[in-house]
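Please have the structure open while I talk.

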Amino acid sequence: CISAACAYGSAPVHPITMDLSKPGANIKQDAAWGEADSDPAWQIRDGMSDVSNLQQLLNRALQLHQAGRIHEAIDLYTRVLPHQQTNAQLLFLLGTATLQIGQHQLGIDLLHQSIMLEPANPSAHFNQGNALQEINRLDEAVAAYDRALALSPDQAEAHFNRGNALLKLHRLDEAVAAYDRALALKPDFVEAHNNRGLALRNLHRLDEAVAAYDRALALKPDYV
């Protein structure tokens with residue numbers, strides 16, 4: 001069987017912030033960012049549109065997202081969004097979180113809005129491709145991965161997920177080429193060796209398929 005696609009990108013690993021005084025402000029790295037209130041019973045103060053309050057809400061949402069508390073993060077992202085409707089990175093984070101709880105169409109729509117505002121974000125195209133593949137819109141998924149890779153060509157996971165979509169479309173030679181590119185970037189990518197073997201088997205290139213499976217097993221002997 002096809003090994004699973006690489007998952008949606010999550011919230012950024014490092015704390016980030018934005019200047020919410022500007023309607024279209026972009027989220028950016030901020031080394032001086034302070035700790036958000038760690039109390040899970042987060043309370044929203046009066047003056048929801050106040051910039052400092054919005055910033056605290058966003059900081060808390062990011063902290064929750066990074067901790068895997070996705071539903072709570074979505075709640076806070078959603079509360080900030082009416083005051084920052086043209087913020088591409090906020091739409092990206094909310095769209096990604098929405099995908100992570102399985103709401104694929106809503107996530108795709110939010111990512112589309114983000115991409116319209118900030119088309120040069122490869123992660124938005126990558127996550128959009130993953131969501132489109134999840135709901136079997138495979139040609140659109142391939143196109144989304146193509147856009148992600150045009151912006152950031154050295155992403156092994158994007159080549160791998162693109163290969164999976166091509167494999168499902170029975171575009172087998174293209175799938176093998178995609179897995180080859182993933183493996184050139186990440187030679188120990190077990191799932192790419194496995195799926196490359198499956199594509200080669202379907203092409204009746206059996207000796208090459210066995211060799212690909214052997215490489216997967218050499219890297220992970222208990223791989224199923």
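The protein has 10 helices and 2 strands, where helices (H or I, at least four residues) and strands (E, at least two) are DSSP runs, numbered from the N terminus. Along the sequence the pattern reads β-β-α-α-α-α-α-α-α-α-α-α.

This is a predicted model, in which local features need pLDDT of at least 70 and side-chain atom pairs count only at pLDDT 80 or more, whereas totals for chains, interfaces and linings use all residues. Residues are numbered from 1 along each chain as its sequence is written, and side-chain values use heavy atoms, with hydrogens and water left out.

As for pLDDT, the predictor's confidence in each residue on a scale from 0 to 100, the protein has a mean of 83, with 77% of its residues reaching 70 or more.

Now to the packing, where two helices are described by the angle between their axes and the distance between the axes. The axes here are lines fitted to C-alpha atoms, for helices over the stretch in contact, with angles running from 0 to 180 degrees between N-to-C directions.

The axes of helix α7 (residues 156-168) and helix α8 (residues 172-185) come within 8 Å and cross at roughly 165°, which makes α7 roughly antiparallel to α8, a label for angles over 145 degrees. Their contact includes Phe160 and Leu167 of α7 and Ala178 and Tyr179 of α8.

For α5 and helix α6 (residues 138-151), the axes likewise come within 8 Å and cross at roughly 165°, so α5 and α6 are roughly antiparallel to each other. Among the residues that meet there are Phe126 and Gln128 in α5, and Ala144 and Arg147 in α6.

Leaving aside residues up to four places away in sequence, Gln128 touches Ile108, Leu111, His112, Ile115, Ala144 and Arg147. Over the whole protein, 47% of the 224 residues count as buried.

Definitions and conventions: Angles under 35 degrees count as roughly parallel, over 145 as roughly antiparallel, 65 to 115 as roughly perpendicular and the rest as oblique. Contact means heavy atoms within 4.5 Å. Buried means under 20% relative accessible area, exposed over 50%, partly exposed in between (1.4 Å probe, protein chains only).
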